[in-house]
Amino acid sequence: MDLSTRYLGLRLRTPLVASSSPLTGSLAELRRLEDAGASAVVLPSLFEEQLEQEALALHGALEAGTGVFAEALDYLPELERYEVGPDAYLELVAQAKQALHIPVIASLNGTTLGGWVEHARLIEQAGADALELNLYQVAADPSHDAATLEARELELIQTVRAGIEIPLAAKLSPFYTAFSHFARRVTLAGAQGLVLFNRFYQPDFDLDALQVVPHLVLSRSEEARLPLRWIAILRRRLTASLAATSGVHAAPDVLKLLLAGADVTMLASALLERGPGLLSEIERELREWLETREYESVEQMKGSMSQAAVRDPEAFERVHYMRALRSWSSPFRH
């Protein structure tokens, strides 16, 4: 049974990838994930705010004492203690690449060009096998129209692509008016893969403190239906690699997404809840399902239920909306 697949030009042993999460931020946990069967790992994102913090820390260090003594204008403090996230991130990339035998994919999170190109190059030099651009943007300003925001993201992808040689993927949200069109433009801008989808974490209110607080809720299997739908639609329309993330918790989730056309399935919440050992369990069930149905490989079944392959391609679009509503049977009807 051949469970191998290709993603971003990389040959992976299975389609099971450990997505960006606290587990992938520790070298010890990365080793555990590899031992449990992860075919690749995506490191936690290096955030734009961390780059800004680095710049502000350096600026503050250089300005320290300038308003006190004239001699302070020539004072240059030791900078080691002002080093923040980015250097530690590059060290994690280098250590992971040296310690692991599976591909190491780095991740950058932001919406502006800033220092992205330079840090993308540094990540490449540290040894990353690929880079994932995590495009997380809440379009809250009513003065910014969709075309402006999309053009900004496309420019970011295009600029980073021109600055590095390793494969590049874009992790997108589903909140685009014409998603298929934007997905195609993302690939034309230079992304060799799409990661579908980014989950936007919703704020909450603390009623006692009357404060806005972050509220993290892990995904559930039902959320895999959204990437399933769009991967099935895009599979035969784009040549880019397609990664499914959000809602991948068990073997049935993996199988459905592969049938839709995913090249890999990425797990985060499920691994946080159940530990790396879940990977070997899913791999065993995946192998058993394929053998029972006499598939010889993952490649043989991949995309066999995409929109272009099924008898009823409109099942992925509006025509089944009323049918879905009518399928509900209330337990209080009888």
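Leaving out residues up to four places away in sequence, Val42 touches Val17, Ala18, Ser19, Ser20, Thr24, Ile105, Ser107, Glu132 and Met266; contact means heavy atoms within 4.5 Å. This is a predicted model, in which local features need pLDDT of at least 70, side-chain atom pairs count only at pLDDT 80 or more, and totals for chains, interfaces and linings use all residues. Residues are numbered from 1 along each chain as its sequence is written, and side-chain values use heavy atoms, with hydrogens and water left out.

**Val42**
- Val42 is part of strand 4, residues 40-47 (strands are DSSP runs of E, at least two residues, and helices are runs of H or I, at least four, numbered from the N terminus).
- Val42 has a relative accessible area of 0%, so Val42 is buried (buried is under 20%, exposed over 50%, partly exposed in between, with a 1.4 Å probe and protein chains only).
- The C-alpha atoms of Val42 and Pro103 are 8.7 Å apart, although 61 residues separate the two along the chain.

**Nonpolar cores**
- The largest nonpolar core has 77 residues, and Leu131 and Leu172 have the most contacts inside it (a core is a set of buried Ala, Val, Leu, Ile, Met, Phe, Trp, Tyr and Cys residues joined through side-chain atoms within 4.5 Å).
- Helix 8, residues 251-260, gives the most to this core, with seven residues.
- Another core, of 14 residues, lies apart from it and includes Leu8, Ile105, Ala130 and Val195.

**Surface**
- Phe205 lies in strand 9, residues 203-206.
- Phe205 counts as exposed because its relative accessibility is 61%.
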